[in-house]
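Welcome, and please have your viewer ready.

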Amino acid sequence: MKENHSFQTLVAFPTESAVRMAIMMHALARHTKMKAIMSMWILVGLYYFTFIAENRSIIRSTRRVGESKPAIMNDGGRKEKDPANISHEYTMLRPKDDESSGPNIAWLMSFPNSGTSYTMTLVARASNRSFATNYGSEVTPKDRNATALSIYPHRAEGPFWPGMSGKMIVPRPLPDGLVMTKTHCGSRCMECGPQEYIQTAAEFLQKCTTGHAKLAPKQHATQVQYPPDRVAKAIHLIRNPFTNIISRFHHKIKNRRHRNDTEWLSAHPSNSSGFSRWCKEMDQFSYRQDVLYFGEENVPSAPCHGEFHKYTQWHNLAHASLELIGHDVPTLTLYYEDFKHLNKTANRLFRFLELEMVGELREYAATTEVSDYFTDSQKDEIKTLVRSFASNSTWGKIHHYFEDF
């Protein structure tokens with residue numbers, strides 16, 4: 001689902017000394033009777049140089065993806081949007097302050113409805129330490145004057161945490177070392193076609209560091225972004241693709257209930273028939289873009305093919321984007337279903353986050369039975385779709401979900 005936020009973007013402004021220097025050089029140019037064009041270029045050049053030199057916020061990072069990396073997409077012969085051999089540039093906001101203060105970020109990277117909330121709650125309760133998120137509205141009270149709390153006191157762009165007020169959840173302090181931080185990255189829209197969800201690894205990484213929050217003094221919803229070099233570790237959360245897409249449907253139902261959309265809810269009951277209807281509507285919604293991307297003869301016949309394509313694309317890019325960060329990022333692959341072996345999986349997760357387990361673990365709830373929602377032939381079609389688009393790395397991590405058929 002597309003978010004309907006009215007954002008203003010957090011930007012940087014030139015320093016006072018930069019302005020003074022530019023004015024001084026402009027006056028010098030006039031005094032020496034230089035030509036107007038030379039005066040203009042000196043003005044612009046020194047303005048830009050001083051602005052960057054004072055480290056007020058612009059960081060540009062460029063890295064080439066190696067040729068040996070697996071393709072991000074493979075659509076059966078059509079032109080691929082693979083980031084291999086393409087130099088990508090992205091711009092980050094960075095305030096001028098002490099980089100060494102505050103905890104390090106451990107991303108919890110997840111395609112939406114993969115078990116993110118369960119994982120964050122389990123860790124918070126059992127460690128008695130807070131988590132963080134890129135999305136400040138999730139942890140900011142609805143009070144008129146409330147503003148998002150960054151885990152870094154002097155870096156307004158976040159990530160954000162609930163704080164110790166107790167207005168959102170039970171107050172818990174931040175960890176001293178690594179703070180688990182929620183990010184859904186990019187390529188995750190719901191009612192959209194390939195034109196919206198196909199991204200390069202660099203575009204995806206930029207989304208991983210982007211969020212939104214209500215900030216002082218204007219307290220508007222502001223789009224914010226931090227540099228990826230603050231990320232020390234990453235958890236790549238994976239869920240069974242079938243139950244993941246079914247959970248996306250149930251999340252849609254939850255949103256419609258919140259809006260009291262009784263007409264939509266009556267047409268989409270929370271069962272296999274409602275899911276089937278939703279899939280057909282989603283496939284019809286994106287058909288025109290699907291024809292342009294796949295070709296009319298090659299539009300997948302699998303139900304909810306756009307959703308499964310996004311799922312595959314997302315996990316491809318999760319692998320590739322981490323390789324664009326300028327340092328090694330140790331990554332833990334975590335399967336949501338492994339929480340049925342609660343103690344073993346939780347211990348592995350806590351060791352990775354360097355946290356001590358001091359409280360009880362939250363019990364894992366069984367997931368939806370896939371056979372109620374898909375026929376055998378539909379599951380075969382979905383397997384073919386996912387395998388054709390998955391990178392070798394992604395398929396190596398999810399093929400066991402398709403072993404029975």
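Is Glu354 buried or exposed? Select this residue to begin: Glu354 is exposed, with a relative accessible area of 57%. Keep in mind throughout that the model is predicted. Glu354 belongs to the loop between α11 (342-353) and α12 (376-389). Check its backbone too, as phi is positive, about 60 degrees, although Glu354 is not a glycine.

Now jump to Cys304, in the loop between α9 (287-294) and α10. Here phi is again positive in a residue other than glycine, near 55 degrees. Cys304 counts as buried, with a relative accessibility of 0%.

One more backbone stop: select Gly158 and Pro159. The peptide bond joining them is cis, with omega near 5 degrees. Pro159 sits in the loop between β6 (149-150) and β7 (160-161).

Next, show two helices, α5 (residues 201-208) and α10 (residues 305-322). Their axes are 9 Å apart and they pack at an angle of about 85 degrees. An angle from 65 to 115 degrees counts as roughly perpendicular, so α5 and α10 are roughly perpendicular to each other. To see the contact, display Ala201, Phe204 and Leu205 on α5, and Trp314, Leu317, Ala318, Ala320 and Ser321 on α10. These contact residues divide into 7 nonpolar, 1 polar and no charged.

Met109 is buried, with a relative accessible area of 0%. Beyond its neighbours within four places in sequence, the contacts of Met109 include Phe204, Cys208, Trp314, Ala318 and Ser321.

Time for the rings. The whole structure holds 21 aromatic pairs. Zoom in on Tyr336 and Phe339, an edge-to-face pair with 6.5 Å from centre to centre and 65 degrees between the planes. Both partners are buried: Tyr336 has a relative accessible area of 9%, and Phe339 has a relative accessibility of 0%. Then select Phe242, Phe249, Phe275, Trp278, Phe308, Tyr373, Phe374, Trp395 and Phe402, which form one aromatic cluster.

For the last stops, look for charges over rings. Arg155 lies over the face of Tyr152, 4.1 Å from the ring centre. Finally, pick Lys233 and Phe352: the charged end of Lys233 is over the ring, 4.6 Å from its centre.

Terms used
Residues numbered from 1 in each chain as written. Predicted model: local features only at pLDDT ≥ 70, side-chain atom pairs only at ≥ 80, totals over all residues. Heavy atoms only, no water. Axes fitted to C-alpha atoms, helices over the stretch in contact; angles between N-to-C directions. Helix = DSSP H or I, 4+ residues; strand = E, 2+ residues; numbered from the N terminus. Parallel < 35°, antiparallel > 145°, perpendicular 65-115°, else oblique. Contact = heavy atoms within 4.5 Å. Nonpolar A, V, L, I, M, F, W, Y, C, P; charged D, E, K, R; others polar. Phe/Tyr/Trp six-rings, centres within 6.5 Å; stacked < 30°, edge-to-face > 60°. Buried < 20%, exposed > 50% of the residue type's maximum accessible area, 1.4 Å probe, protein only. Lys NZ or Arg CZ within 6 Å of the ring centre and 35° of its normal.
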